[in-house]
Each structure stands twice: as C-alpha cells, then as structure tokens.
Amino acid sequence: CGAVCDVFSTGKGRLGVSSGRVSGDTVTRCFFTSPTPGKANSGKKYTSYAPVPTFSVEGGVVKSGTSVSLSVQGDYTIVCTTDGTEPTRSSTVYSSPFTINQNTVIRAAAFSKDSLISDCATQTYLTSNPHTIPIFCICGNPAKLTEGKGIFVDKTDSSEHKIFAEYFTKDGVKETEFPCGAKLFGHSSREMPQKGVKLSLREIY
C-alpha cells in the first residue's frame, strides 16, 4: 500500500475555480481561475474568497429618501450594480451610501488582489404604494430577461437563466431569498403581458 503525501479539505467550490497547492509550498491552499487538469497548477493564484458585503438596511418596503450603506470587514474593495447583474471585479466601485427614491435593487460583492470575488449579496428596496398581497421580486441580467431577446421579450425562448429571487410579506418584510434558474412556463400565457415563469433550484446556482 502507498503512503499519503498530502491531504486537505477542498472547502467551498465554485464553477470554473479549482483548488490545490503550488510547487514549493506544501502548506498554503490556493484557488485558481484557470484550471490545468493533469498539469502543475500555474497562473494567478488566490488564497481565499473575500467576505460578503453587508447592507445597513434590509431590503423590503422603505421610505423614499432612505440611505443604504455597504460595508465589509478587512481591506477589500466593494463593487456593486443597480441593473440586476451580478458584480464583477470591473463593476462600479462603491464609494458612498445610496439614497433610495424609487424601487431599486442593489447587488454587491467584495474582492482584493489576493482574494477571489465574494458571493453576491442582494437587497431589493421598494418605495411603491403598499401591497395587499405578498411580493415576489426577481433580478438578473437584463439581456437575459427584459431586454433584447430576453425571456420576457422573446416568447419563443425556452432557455433557463440564473436569477435571484426574494419573497416579501404584504407589509414588505423579507421572508426568504435564493438564487435559482428561471424560464418561461406555459403555452398561451406566453402571449400575455404577465407570463408564467418556472423557477428551478439547482446546485449549480
């Protein structure tokens, strides 16, 4: 029988990211965005995932003029979007609080030169008139949803796209949230302004 040369917990995994050692360092666990199966790990390496930013105000129904700030512990850069897309390292860098004067979705992530970008944090703020039924909000890449040939524009599109869903009570209190896949559902309803949507919770999301 053989002898164990090395062992470590793979920990958190992410699609497109591999984890391992680098030559000459048998202690540090590193992450790589350019997998090299069957070959020595090479290219840019990261030592951790950045922590997820936090919001000063929980999403839901808020008063117009509400100020929302973002924060993260440690020396990290926060990037954010307001168009529904997930932030990347090249997204707008957060520099000052947001003032909420209309329905707004803010998505934020953090990173550093030695850390992979964090998971995305999402909060949706609603300033519209009170509701009498629970509220269900989704956000995602507009090009895949509401623009161009997105699923809410092209009624023939049967593809599934990643979104983020939030469920609020009629009073605007968030009950749950989760990432999932969304695709059009139904036949004749595709012709209607309000279309049926099927949500799928998959491990990939």
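Residues are classed by relative accessible area: buried means under 20%, exposed means over 50%, and partly exposed lies in between, with a 1.4 Å probe and protein chains only. Accessible areas were computed by the Shrake-Rupley method with a 1.4 Å probe, and for residues only the protein chains shown count as cover. The structure is a predicted model, in which local features need pLDDT of at least 70, side-chain atom pairs count only at pLDDT 80 or more, and totals for chains, interfaces and linings use all residues. Residues are numbered from 1 along each chain as its sequence is written, and side-chain values use heavy atoms, with hydrogens and water left out.

Side chains of opposite charge can pair when their charged atoms come close. A salt bridge was assigned where a side-chain nitrogen of Lys or Arg lies within 4 Å of a carboxyl oxygen of Asp or Glu. Seven salt bridges were found in a search of the whole structure.

One of them joins R14 to D119, with an N to O distance of 3.0 Å. This pair links distant parts of the chain, 105 residues apart. R14 lies in the segment before β1 (18-22), and D119 in the loop between β13 (115-116) and β14 (121-126). Strands are DSSP runs (E, at least two residues), as are helices (H or I, at least four), and both are numbered from the N terminus. R14 counts as partly exposed because its relative accessibility is 23%. D119 is also partly exposed, at 36%.

A second bridge pairs E160 with R202, whose closest N and O atoms are 2.9 Å apart. E160 sits in the loop between α1 (142-145) and β16, and R202 in the segment after β18 (197-200), so the bridge ties together parts 42 residues apart in sequence. E160 is partly exposed, with a relative accessible area of 23%. R202 is partly exposed as well, at 45%. Salt bridges with shared partners also join E166, K174 and E177 into one network.

The side chains of K113 and D114 meet in a further salt bridge (3.1 Å, N to O). K113 is exposed, because its relative accessible area is 63%. D114 reaches 35% and is therefore partly exposed.

The surface also carries a nonpolar patch, formed by F136, I138 and Y167. Together these residues have about 250 Å² of accessible area. Patch members have over 30% relative accessible area and no salt bridge; like charges are joined within 9 Å, and nonpolar side chains (Val, Leu, Ile, Met, Phe, Trp, Tyr) within 5 Å. Y167 belongs to strand β16 (residues 161-168). Its relative accessibility is 32%, so Y167 counts as partly exposed.
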